Amino acid sequence: MKMIRLVSRTGRHLQRYSKGLRLVVGCIPYRCKDNELEVLMISSQNGQAMLFPKGGWELDESIEEAALRETLEEAGVVGDIDEDELGKWNFKSKSRGIYHEGRMFALLVTEQLEIWPEKNFRQRLWMKVGDAREVCQNWWMKEALDILVDRLTSQPAPLHTEECT
């Protein structure tokens, strides 16, 4: 059984950068419920926006480890990650005004935790894809969601369950 950290990593001393851009990674957690695809969104730390979990990729971890860690810390879910990333985007941070390179992965959720590191700072909400597209305020995350949906509807299991097609 894998041990789960109940405290988020802090600090930026291990943060990765490339060509002046802070590297961030995350996941779009998804599941099939009642024959319909749902994705898990989280609130931003200030509670003003809904987004998918993402954060800094650090020097002591692989890109997949970073994506899984951020998803666990922020959304409190674990699962099976698709190692083919959904894409890579350059964007300007709304909160800090600095440029990032973001990469996203698909994560088929296998477990939703009751206690997770950022439980007291974020809300999480499962929603249908159309609703998620409407509330997501990050253009690049919307693009990642579109790629995920396209991938799930065009590929056979195990990336998704048959009931959702």
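**View 1. Phenylalanine 91 in the predicted model.** Phenylalanine 91 is buried, with a relative accessibility of 8%. The cut-off for buried is under 20% relative accessible area. This structure is a predicted model. The ring of phenylalanine 91 pairs with that of tryptophan 140. The two centres lie 4.3 Å apart and the planes meet at 15°, so the pair counts as stacked. Phenylalanine 91 belongs to strand β7, tryptophan 140 to helix α3. The pair therefore ties together parts 49 residues apart in sequence.

**View 2. Tryptophan 89 and tryptophan 140.** The whole structure holds two aromatic pairs. One of them joins tryptophan 89 and tryptophan 140. Their centres are 5.9 Å apart, with 45° between the planes, and the pair is tilted. Tryptophan 89 sits in strand β7 (residues 87-92) and tryptophan 140 in helix α3 (residues 139-154), so this pair ties together parts 51 residues apart in sequence. Tryptophan 89 is buried at a relative accessible area of 6%. Tryptophan 140 is buried too, at 2%.

**View 3. The ring cluster.** Trp89, Phe91 and Trp140 form a cluster linked by ring pairs. Strand β7 supplies tryptophan 89. Strand β7 also supplies phenylalanine 91. Helix α3 contributes tryptophan 140.

**View 4. Helix α1 and its span.** Helix α1 covers residues 63-75, which is 13 residues. At 1.5 Å a residue it should span 18 Å. The end C-alpha atoms are 18 Å apart, so expectation and model agree. Just past the helix, glycine 76 adopts a positive phi of about 70°.

View 5. The buried set includes Ile63, Ala66, Ala67, Leu72 and Ala75. Arg69, Glu70, Thr71, Glu73 and Glu74 are also among the buried residues. The packing partners of the buried residues are strands: β2 (21-33), β3 (36-43), β5 (54-56), β6 (77-81), β8 (99-112) and β9 (124-128).

**View 6. Arginines over tryptophan faces.** Arginine 31 lies over the face of tryptophan 126, 4.0 Å from the ring centre. Arginine 124 lies over the face of tryptophan 116, at 3.8 Å from the ring centre.

**View 7. Two buried cysteines.** Cysteine 27 is buried, with 0% relative accessibility. Cysteine 136 is buried as well, at a relative accessible area of 2%. The search of the whole structure finds zero disulfides. A disulfide would need a pair of cysteine sulfur atoms within 2.5 Å.

**View 8. The whole chain, for orientation.** The chain has three helices and nine strands. Starting at the N terminus, the order is β-β-β-β-β-α-β-β-β-β-α-α. The chain holds 165 residues, and 49% of them are buried. Among contacts between residues at least 6 apart in sequence, 70% join residues at least 24 apart.

Technical notes:
Residues are numbered from 1 along each chain as its sequence is written. This is a predicted model: local features need pLDDT of at least 70, side-chain atom pairs count only at pLDDT 80 or more; totals for chains, interfaces and linings use all residues. Side-chain values use heavy atoms; hydrogens and water are left out. Helices (H or I, at least four residues) and strands (E, at least two) are DSSP runs, numbered from the N terminus. Buried means under 20% relative accessible area, exposed over 50%, partly exposed in between (1.4 Å probe, protein chains only). Contact means heavy atoms within 4.5 Å. The expected span of a helix is 1.5 Å times one less than its number of residues. Rings of Phe, Tyr and Trp (its six-membered ring) pair if their centres lie within 6.5 Å; planes under 30 degrees apart count as stacked, over 60 as edge-to-face and the rest as tilted. A charge sits over a ring if NZ of Lys or CZ of Arg is within 6 Å of the ring centre and within 35 degrees of the ring normal.
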